[in-house]
Amino acid sequence: MNTTRPLDWIRRRGPSFALDCAVNIAAPLAIYHQTQGHWGELNALLASSIPPLLWGIGSFLRTRRIDALSVLAVVGIGLSTLAFIGGGSAQMLQLREKLVTLIIGLAFLGSAAIGKPLIYPLARATMARQSQRALADFDAKGNDALVRHTVMVMTLVWGIGLLLDFALSAAMIYMLSIEQYLVVGPIIGYAMIGGLMLWTFLYRRYRTRYADAIRAQAIADD
């Protein structure tokens, strides 16, 4: 097994991932545990939401990119902020915080239904950040049937995956205690997004090789 890539990822992304876990798992759990006895579970849960919310706002302000990815980030921040409004039970507060997952999942499926798969602008934004040449190559293949099929499948899988994430999280909210969910909830989110990203990488590589083989065969037949 080649360990170069995993070790390289740990060196490059390990510290930031550890900090992300600290802000989104350890800090909320510690805040809730320390304040629940004095403030009650709802106010303690609101307080525990502050570090992830500030982390999200800080990440967006640091990158300052205006593209499809940043728009999704702003939607998530906005919905997290709205979670502080409206009262209700602690479970309802946790559900409101997961609404961004539900809405983005529905956006993926809705975009596929109208023939405008959301993965396309997201992928285009990624290419634009890499280089103008990468963006030009991507745009040149935009009308290719193989590329359109790949983008549509990716959009559907992401939409279904995010809806499953929301459904599983909603079930866990009512099955687990608040403290348990503060640990399990982010892990579910990390696992789902990580799994979708890994699948996307592998599927994209497979489809690229498949498209190259089809084009090579077409040239050979000519």
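Student: Which helix holds Ile50?

Tutor: Helices (H or I, at least four residues) and strands (E, at least two) are DSSP runs, numbered from the N terminus. Ile50 is in helix H3 (residues 50-63). The model is predicted: local features need pLDDT of at least 70, side-chain atom pairs count only at pLDDT 80 or more, and totals for chains, interfaces and linings use all residues. Residues are numbered from 1 along each chain as its sequence is written, and side-chain values use heavy atoms, with hydrogens and water left out.

Student: How many helices and strands does the protein have?

Tutor: Ten helices and zero strands.

Student: Is Ile50 buried, partly exposed or exposed?

Tutor: Buried means under 20% relative accessible area, exposed over 50%, partly exposed in between (1.4 Å probe, protein chains only). Ile50 has 40% relative accessibility and therefore counts as partly exposed. Of the 222 residues of the protein, 33% count as buried.

Student: What are the buried residues of H6?

Tutor: An α-helix has 3.6 residues a turn, so residues three or four places apart point the same way. In H6 the buried residues are Val100, Thr101, Ile104, Gly105, Phe108, Ser111 and Ala112. They cover an arc of only 135 degrees around the axis, which puts them on the same side of H6; the arc is that of the directions from the helix axis to the C-beta atoms.

Student: Which residues have the most contacts inside the largest nonpolar core?

Tutor: In soluble globular proteins, nonpolar side chains tend to be buried together. A nonpolar core is a set of buried Ala, Val, Leu, Ile, Met, Phe, Trp, Tyr and Cys residues joined through side-chain atoms within 4.5 Å. The largest has 13 residues, and Ile104, Phe108, Ile119, Leu122, Trp158 and Leu162 have the most contacts inside it. H6, helix H7 (119-130), H9 and helix H10 (178-221) each supply at least two residues of this core. H9 gives the largest share, five residues. Another core, of eight residues, lies apart from it and includes Tyr32, Leu45, Leu46 and Leu93.

Student: Which side chains meet in a salt bridge?

Tutor: A salt bridge is a side-chain nitrogen of Lys or Arg within 4 Å of a carboxyl oxygen of Asp or Glu. By this rule there is one salt bridge. The side chains of Asp165 and Lys98 form it (3.5 Å, N to O). This pair links distant parts of the chain, 67 residues apart: Asp165 is in helix H9 (residues 145-175), and Lys98 is in the loop between helix H5 (90-97) and H6. Both Asp165 and Lys98 are buried.
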